[in-house]
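This briefing covers salt bridges, helix packing, backbone geometry and a surface patch. The sequence and the model come first, and the notes follow by topic.

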Amino acid sequence: METLGVQILRLTVGLIFVAHGLRQYLGWFGGGSMEDVMRRLGLQPAKLWASLCGLSNLAGGFMIALGAFTFLGCALIITTMVVATMTLKAHSEFWERFGGYEYNLCVIGTAVAIALMGPGPISLDAALAPGLIDAGLFFIALVVSLAVGGLGVYRANPPLSNGDRS
């Protein structure tokens, strides 16, 4: 049952983030311009940060769903959620209904759990590269990924106030 549970978890999170990445990166499913969002948040160059965000969600989602380089996919998803929390949700309350960060924390916790449990036996990692199923690799990838995201947030120009984001 554990194998099935990990598979369902990976597919659910992975495919949601594939769709999320397609929406952000390609504008599918009613997605708007991520470049405009990044510009309003003060992340410059906006096109670079929008591309990094969309590609991180798209690639991270595929990696998690397929169980290929799962440690890296989890690190990418966690980083996008941390940056989103710091930039979009930092001054909100907890509940998503009110613009809060509860969803972001749920995704972060789920991605950490997947990375620490490993992708399970029905994965490309297990079949082709079992040496990649390693918590140490996950922590290294997470630190590097968070450093890149943190650099963008640190270097951001002051964002517009919430009233100016409409």
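Glu35, Asp36 and Arg39 are linked in a network of salt bridges, where a salt bridge is a side-chain nitrogen of Lys or Arg within 4 Å of a carboxyl oxygen of Asp or Glu. The structure holds three salt bridges. The model is predicted, so local features need pLDDT of at least 70 and side-chain atom pairs count only at pLDDT 80 or more, while totals for chains, interfaces and linings use all residues. Residues are numbered from 1 along each chain as its sequence is written, and side-chain values use heavy atoms, with hydrogens and water left out.

**Salt bridges**

- Arg39 meets Glu35 through their side chains in a salt bridge with an N to O distance of 2.8 Å.
- Both Arg39 and Glu35 belong to helix 2 (residues 34-41) and stand four residues apart, about one turn of the helix; helices (H or I, at least four residues) and strands (E, at least two) are DSSP runs, numbered from the N terminus.
- The side chain of Arg39 also meets that of Asp36 in a salt bridge, at 3.0 Å from N to O.
- Arg39 and Asp36 are three residues apart in helix 2, again about one turn of the helix.
- Arg39 has a relative accessible area of 40% and is therefore partly exposed; the classes are buried for under 20% relative accessible area, exposed for over 50% and partly exposed in between, with a 1.4 Å probe and protein chains only.
- Glu35 is partly exposed because its relative accessible area is 27%.
- Asp36 has 37% relative accessibility, so it counts as partly exposed.
- Glu96 and Lys89 form a salt bridge through their side chains, with 3.4 Å from N to O.

**Helix packing**

- Helix 1 packs against helix 3 (residues 46-66) at an angle of about 155°, and their axes are 7 Å apart; axes are lines fitted to C-alpha atoms, for helices over the stretch in contact, and angles run from 0 to 180 degrees between N-to-C directions.
- That angle makes helix 1 roughly antiparallel to helix 3, since angles under 35 degrees count as roughly parallel, over 145 as roughly antiparallel, 65 to 115 as roughly perpendicular and the rest as oblique.
- The crossing of helix 1 and helix 3 is left-handed; a crossing has this hand if the near helix is turned anticlockwise from the far one by less than a right angle, and is right-handed if clockwise.
- Helix 4 and helix 7 (residues 135-155) have axes that come within 8 Å and cross at roughly 30°.
- Helix 4 is therefore roughly parallel to helix 7.
- Helix 4 and helix 7 cross with a right-handed sense.
- Gly73 sits in helix 4 and counts as buried because its relative accessibility is 0%.
- Between Gly73 and Phe62 the C-alpha to C-alpha distance is 7.6 Å, and the two are eleven residues apart in sequence.

**Backbone geometry**

- Most residues other than glycine have a negative phi, and most peptide bonds are trans.
- Phe29 is not a glycine, yet has a positive phi of about 55°.
- Phe29 is placed in the loop between helix 1 and helix 2, and counts as exposed because its relative accessibility is 57%.
- Phe69 likewise has a positive phi of about 55° without being a glycine.
- The loop between helix 3 and helix 4 (70-87) holds Phe69, which counts as partly exposed because its relative accessibility is 44%.
- A cis peptide bond runs from Gln44 to Pro45, with omega near -5°.
- Pro45 lies in the loop between helix 2 and helix 3.

**Surface patch**

- A nonpolar patch on the surface is formed by Tyr25, Leu26, Trp28, Phe29 and Leu55, which together have about 520 Å² of accessible area.
- Patches are made of residues with over 30% relative accessible area and no salt bridge, with like charges joined within 9 Å and nonpolar side chains (Val, Leu, Ile, Met, Phe, Trp, Tyr) within 5 Å.
- Accessible areas come from the Shrake-Rupley method with a 1.4 Å probe, and for residues only the protein chains shown count as cover.
- Leu26 is in helix 1 (residues 2-26) and is partly exposed because its relative accessible area is 44%.
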